[in-house]
Amino acid sequence: MKTFERYFVALNKWALVLLLGAMAVIVFANVSLRYLTNFSITWSEEVARYLMIWMTFIGAGLALRTGGHVAISNFQEMLGKNGQRAVRILILLLLLAFFSLMIWMGLNYMERARFQLTPATRVSFRYIYAAMPIGFSLLIVHLLLVARSFVMENRFVDIETDTPSAALAESGDTHIAANRD
């Protein structure tokens, strides 16, 4: 399972790197052409926007595994150990239900927008809206991969080293560790 997780996270990271790289090249080329030749690439803004949408949905899972999303933990901290674990289980189940609902809604959007075309590139909006069910499916996989450590110990996994974020507290950087746990 650890091997699958390592490859899954690496593939997810590389997809983000490629999307960001493509977006940067397109925007840089458009700005350079606009100022050097007074010519602008007509589709660059549109493609950059859609790449940003895809990056957002694909990157959400990596942010989830590190505890990077907004969380309010005051209520949970007031409870005892068993109460905290019960709240984390409830959060996990609510997230799974929400992600599943969003996959269904994304598929619905894809179906409804299949005949609409983007203005500049004339690509079906189905491919743009595909980011939603794919991104939320990735969120479910990431959530299931960190579920045990989250529920049992309220820990997340650090992306760079694949070690628990508790290592941050040991390294002396208490500000970052406090915001992650």
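This report describes the predicted model of one protein, from its overall make-up to single residues.

The model is predicted: local features require a pLDDT of at least 70, side-chain atom pairs count only at pLDDT 80 or more, and totals for chains, interfaces and linings use all residues. Residues are numbered from 1 along each chain as its sequence is written, and side-chain values use heavy atoms, with hydrogens and water left out.

**Overall make-up**

The protein contains eight helices and zero strands, where helices (H or I, at least four residues) and strands (E, at least two) are DSSP runs numbered from the N terminus. Along the sequence, the pattern reads α-α-α-α-α-α-α-α. Of the 181 residues, 36% are buried; buried means under 20% relative accessible area, exposed means over 50%, and partly exposed lies in between (1.4 Å probe, protein chains only). The accessible surface of the protein is about 11500 Å², and carbon and sulfur atoms account for 68% of that surface. Such areas come from the Shrake-Rupley method with a 1.4 Å probe; for residues, only the protein chains shown count as cover.

A contact means heavy atoms within 4.5 Å. Among contacts between residues at least 6 apart in sequence, 66% join residues at least 24 apart.

**Confidence**

The predictor's confidence in each residue is given by pLDDT, from 0 to 100. The mean for the protein is 86, and 87% of its residues reach 70 or more. Among the elements, helix 5 (residues 125-129) has the highest mean pLDDT, at 95, while helix 8 (residues 174-180) has the lowest, at 47. Over residues 161-169 the pLDDT stays under 50, and the model has 17 contacts beyond four places in sequence for this stretch. Residues 173-181 also have pLDDT below 50, with twelve contacts in the model beyond near neighbours in sequence.

**Selected residues**

The following table lists the accessibility of several residues.

| Residue | Relative accessible area | Class |
|---|---|---|
| T118 | 0% | buried |
| T66 | 15% | buried |
| L95 | 26% | partly exposed |
| L18 | 60% | exposed |
| F28 | 61% | exposed |

T118 is located in the loop between helix 4 (81-112) and helix 5. Its side chain makes a polar contact with the side chain of T121 at 2.6 Å. A polar contact is a pair of N or O atoms within 3.5 Å; within protein, one must be able to donate a hydrogen and the other to accept it, and residues adjacent in sequence count only if both atoms are side-chain atoms. Apart from neighbours within four places in sequence, T118 is in contact with E46, Y50, V123, F125 and I128.

T66 occupies the loop between helix 2 (44-65) and helix 3 (74-78). The side chain of T66 reaches the backbone oxygen of A63 at 3.1 Å.

L18 belongs to helix 1 (residues 2-37). Together with W14 and V17, L18 forms a nonpolar surface patch with about 360 Å² of accessible area. Patches consist of residues with over 30% relative accessible area and no salt bridge, like charges being joined within 9 Å and nonpolar side chains (Val, Leu, Ile, Met, Phe, Trp, Tyr) within 5 Å. A salt bridge is a side-chain nitrogen of Lys or Arg within 4 Å of a carboxyl oxygen of Asp or Glu.

F28 is found in helix 1; F28 and S44 are 16 residues apart in sequence and 9.6 Å apart in space, C-alpha to C-alpha. L95 lies in helix 4, and its C-alpha is 8.5 Å from that of L143, with 48 residues separating L95 and L143 in sequence.
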